[in-house]
Amino acid sequence: MADEAAAQLAGYRRAHAHGLPRITWKVAASLDGHIADARGASQWITSGDARADGHALRAAADAIVVGANTARLDDPRLTVRHGVRGRSPLRVVVDSRLRLPLTLKLFGRPLAPGTVVVCGKDAPEARERALLARGVRVWRVPVLRGRVSPRALAARLAREGCHEVLLEGGATLGASWFAAGLVQRVVLYSAPLVLGGGLPWSAALKVPLARARRGTVTQVTRVGPDVRTVVEWEE
Ligand SMILES: NC(=O)c1ccc[n+]([C@@H]2O[C@H](COP(=O)([O-])OP(=O)(O)OC[C@H]3O[C@@H](n4cnc5c(N)ncnc54)[C@H](OP(=O)(O)O)[C@@H]3O)[C@@H](O)[C@H]2O)c1
């Protein structure tokens, strides 16, 4: 079972060899690649089966990372549910200037103690105190062009013992981590519906074809009515 063992150890090995976690970007999209429609609605594009499968991915991760817009618009809990057993990973929200409202579920009971908000060094201290008072952890990390540096945060996660990281979007955060060369694996759930307009999951990436990194398709599976495709990239 060498392949199974290697897959289970991938995050551990990467953390020890490179000081970075193994990062999986999970996407739930329409057949034509949109993760939200033109009005911003995204719940739910894929089926309950695909969501349950996504919760199994969460259960296998040490941390889930989302961007500020996803936290604000979806108000997610980022816990393991849908009949999947297992501990919930650390919940990490990237909010460079600490502008998210304190009313989010992630900042209330019972989720706050398992939540980390990541911001830049100049984020307001009063906001940090308000989050700390709720039991939320705040990590200040270096900023790149006004936003939390993906590489600095990835390295911090590895130092905190998070070897398997699940990036749950949205498009902007995922693209910046992908562009930084940090993503080893994309798990794409494609639903059999077409939206035409909306938010494409890779919209923020602009890669010339000649420079696009071609990955390897390691799995194509039907999950209920949807298709799950796993693509992996070498280091
Ligand atoms: N179907 C799916 O799989 C799925 C999954 C997740 C989200 N969504 C949908 O996606 C939409 C939100 O996506 P989005 O692209 O608008 O926003 P997003 O990626 O969730 O959040 C982007 C924000 O994250 C913050 N950020 C911090 N560091 C960053 C960095 N290095 N690079 C990029 N962003 C950084 C920035 O805000 P600051 O500058 O304030 O820090 C930025 O504006 C929602 O409609 C949501 O429902 C769909």
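## Buried residues in helix H5

A residue counts as buried when its relative accessible area is under 20%, and in this predicted model helix H5, which spans residues 150-159, has Pro150, Leu153, Ala154, Ala155, Leu157 and Ala158 buried in this sense. Just after H5, glycine 161 takes a positive phi of about 90°.

Glutamate 160 is partly exposed, its relative accessible area being 41%.

## Surroundings of the ligand

The ligand is surrounded by 28 residues, and the closest of them are Ala28, Thr70, Ser96, Thr172 and Ser176. The residues of this shell divide into twelve nonpolar, ten polar and six charged.

On its own the ligand has 930 Å² of accessible area, of which the protein covers 91%. Two or more residues of the shell come from each of strand S1 (22-30), strand S2 (34-36), helix H3 (68-74), strand S8 (147-148) and helix H6 (171-179), and H3 gives the largest share, five residues.

## Salt bridges

Side chains of opposite charge can pair when their charged atoms come close. The model has eight salt bridges. One of them joins arginine 228 to aspartate 53, with the closest N and O atoms 2.5 Å apart; because arginine 228 lies in strand S13 (residues 226-232) and aspartate 53 in helix H2 (residues 48-59), this pair ties together parts that are 175 residues apart in sequence. Arginine 228 counts as buried at 12% relative accessibility, whereas aspartate 53 is partly exposed at 22%.

Glutamate 168 forms a salt bridge with arginine 58, where the closest N and O atoms are 2.7 Å apart. Glutamate 168 lies in the loop between strand S9 (164-167) and H6, and arginine 58 in helix H2, so the pair ties together parts that are 110 residues apart in sequence. Both residues count as buried, glutamate 168 with a relative accessible area of 15% and arginine 58 at 7% relative accessibility. Lys26 is linked with Arg58 and Glu168 in a network of salt bridges.

## A nonpolar surface patch

Val217, Val220 and Val227 make a nonpolar surface patch of about 250 Å². Valine 217 has its place in strand S12 (residues 216-223) and is exposed, with a relative accessible area of 51%.

How values were computed:
Residues are numbered from 1 along each chain as its sequence is written. This is a predicted model: local features need pLDDT of at least 70, side-chain atom pairs count only at pLDDT 80 or more; totals for chains, interfaces and linings use all residues. Side-chain values use heavy atoms; hydrogens and water are left out. A residue is near a molecule or strand if one of its heavy atoms lies within 4 Å of it. Accessible areas come from the Shrake-Rupley method with a 1.4 Å probe; for residues, only the protein chains shown count as cover. Helices (H or I, at least four residues) and strands (E, at least two) are DSSP runs, numbered from the N terminus. Ala, Val, Leu, Ile, Met, Phe, Trp, Tyr, Cys and Pro count as nonpolar, Asp, Glu, Lys and Arg as charged, and the others, Gly among them, as polar. Patches are made of residues with over 30% relative accessible area and no salt bridge: like charges are joined within 9 Å, nonpolar side chains (Val, Leu, Ile, Met, Phe, Trp, Tyr) within 5 Å. A salt bridge is a side-chain nitrogen of Lys or Arg within 4 Å of a carboxyl oxygen of Asp or Glu. Buried means under 20% relative accessible area, exposed over 50%, partly exposed in between (1.4 Å probe, protein chains only).
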